[in-house]
Amino acid sequence: MKTSCFHLYTLKETPADAEIISHQLMLRAGLIRRLASGLYTWLPLGLRILRKVEAIIRREMDNAGGLELLMPAVQPAELWQESGRWEQYGPELLRLTDRHQRDYCVGPTHEEVITDIFRCEIKSYKQLPINFYQIQTKFRDEIRPRFGVMRAREFLMKDAYSFHIDQDSLQQTYDHMFDTYSRIFDQFGLKYRPVNADSGSIGGSASNEFHVLADSGEDAIAFSDQSNYASNVEMAEAICTQTREAPQQSRELVETPGQHSISEIAEFLSVAVEKTLKTLIACGEKNQLIALVLRGDHDLNTIKAEKIPGIASPFQMADADEIKKQLGCDIGSLGPVELNIPIFVDRSAAAISDFVCGANQNDKHITGVNWGRDLPEPNIVDIRNVVEGDPSPDGKGILSIVRGIEVGHIFQLGDKYSSALNATVLDENGKSVITKMGCYGIGVSRVVAAAIEQNNDESGIIWPMSLAPFHLAICPINYHKSELVKQAADDFYQQCQQKGIEVLLDDRPLRPGAMFSDMELIGIPHRVVFSERGLKQSQCEYKGRCDDQSQDLAIDDLAEFIKQKLSG
């Protein structure tokens, strides 16, 4: 491809509304352009990369026995009502009405549609297991679209759905898809981690996320330093190895005027934050309040807390006015002593003695409090986020916390959708049975952004070879002025094309510095420069995208050198 025949339009300045590096570089390199909030056009350069992601996914899904189809983006409300998700999904579901006043939605996912296809097409256990997939546009009406295509409203996704006669079959396919996803991400050339995860709004039992590791990642991932254990922080079990010591202090009510936060209380009373407890109030079922008690330096994990019996779903903290009305004090003075509502205490909070907590009276706290003496032994649960240095839940090593960008997610759905939509087959005895389902997604457009977040420098993008829009850039200096340069560049360009090398010849009338900056910005892995002075010495110049210095090459050695670089 020659730049004169290719729309390559880069930006020198970073757009003001681009918050993270992938958004900035995708705009500057001319990969995407914003149409409206959360909506982007993929320009030719960006589309080349997107198609490479698709090709890797499609090849591995086909090799894994997946059957590609394409389902409608717009889905009838009746299917979502049948599954129960029309009301449950929330405002992210973009709903619309046609001219006949029939309700539809723009699909954020396709469990209902694929289950309807299955129940109409598949009748016997002999046709199972079967795994359908598609690569298609999805729409989720994000309340605050941001970070470019990382959290857009419209995005490209690969979603697959498998159907099974029993749990054993589902487990086999789930494990197979786990391995397939690992091969896909290996081929992307990205550093990633598969982690244990929450099923979220999709539902089901087991699930795993695949995260590309990057400092800008929205998700925190906990992994062991001595094993393969890895989990989203939302799902990682918080292990407490501390043993509660015997009481040493007497209980005392103290005045704490104007002190409300944990840090303020700890400083005011000259105690370690680890010796304080905070009491949070969540909404329970039937308008009941429920207290959740944690150590002052720990954060509540709402995913875990929502699983406590009696907690309202979705999880919600209680309103400050309702707390004061029922409990008689403001939030900053709450504590578990003589608190007449159900109380659940985190493991670490239950393991400390002589602690400080709110007195349930405004501007007052209690010091020297002990479980079993000043209040009943606690109802212990795991409701906090793990932190750096916690013991690994598998008993091997300690946890480190890194940031990750979720780009893939696989689920064991069980019979959540097949039961609701009556997706059955006849078993070997002729009996109608509900099928088991699996679901497997990859954010195709998100992979592109995640790759940039992980691979960039001050000059621009550094693409892995498998995703690079072009593998080689030919940069001829004075292409339009020097017949010698033009002839050499054109000849080598033709050689590359004949050998199937993805090459970009920059035939724009640009200064060398501007030409080189553009090639580095868009991230082409290899660059060859032809100049009249070099050619008169039968030489050219080569530089890899990550090389500190360029090197001179003999023209006669160039073809073999590039061949080795591209195959290495």
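These are my notebook entries on what I looked up in this predicted model.

**Entry 1: domains**

I began with the division of the protein chain, and I found that domain 1 is put together from the stretches 16-72, 106-208 and 405-452, while domain 2 covers 252-381 and domain 3 covers 472-567. I then looked up how domain 1 and domain 3 are placed, and their C-alpha centres lie 39 Å apart.

**Entry 2: a hairpin**

Next I turned to strand β1, residues 32-36, and strand β2, residues 39-42, which run antiparallel and are joined by four bridges. I reminded myself that strands of a sheet pair through backbone hydrogen bonds, either parallel or antiparallel. Across this pairing I noted that Arg34 stands opposite Tyr40 in β2. The two strands form a hairpin with two residues between them, and in the turn I found Gly38 with a positive phi of about 75 degrees.

**Entry 3: an open sheet**

I followed an open sheet of three strands, whose order is β4-β6-β5 and whose pairing is antiparallel. Which strands stand at the edges? I found that they are β4 (74-76) and β5 (94-97), and because each has a single partner strand, one side of each is left without a neighbour in the sheet. From one strand to the next, the twist averages 35 degrees. Looking at one pairing in detail, I saw that β5 and strand β6, residues 103-106, are joined by four bridges, and that Leu94 stands opposite Val106 in β6.

**Entry 4: salt bridges**

I counted the salt bridges, and the total came to 37 when a side-chain nitrogen of Lys or Arg had to be within 4 Å of a carboxyl oxygen of Asp or Glu. I wrote down that side chains of opposite charge can pair when their charged atoms come close. The pair I looked up is Arg85 with Glu112, whose closest N and O atoms are 2.7 Å apart. This pair links distant parts of the chain, since Arg85 belongs to helix α4 (residues 85-88) and Glu112 to helix α5 (residues 111-121), with the two residues 27 apart.

**Entry 5: the second largest pocket**

Finally I looked into the second largest pocket, which holds about 270 Å³ of space.

Key
Residues numbered from 1 in each chain as written. Predicted model: local features only at pLDDT ≥ 70, side-chain atom pairs only at ≥ 80, totals over all residues. Heavy atoms only, no water. Domains from an automatic or database assignment. 1 Å grid on protein atoms, 1.4 Å probe; cavity = no way out; pocket = protein on both sides within 12 Å on 5 of 7 lines; lining within 4 Å. Points joined across faces, edges and corners; volume = space filled by probe spheres on them. Pairing = 2+ DSSP bridges. Axes fitted to C-alpha atoms, helices over the stretch in contact; angles between N-to-C directions.
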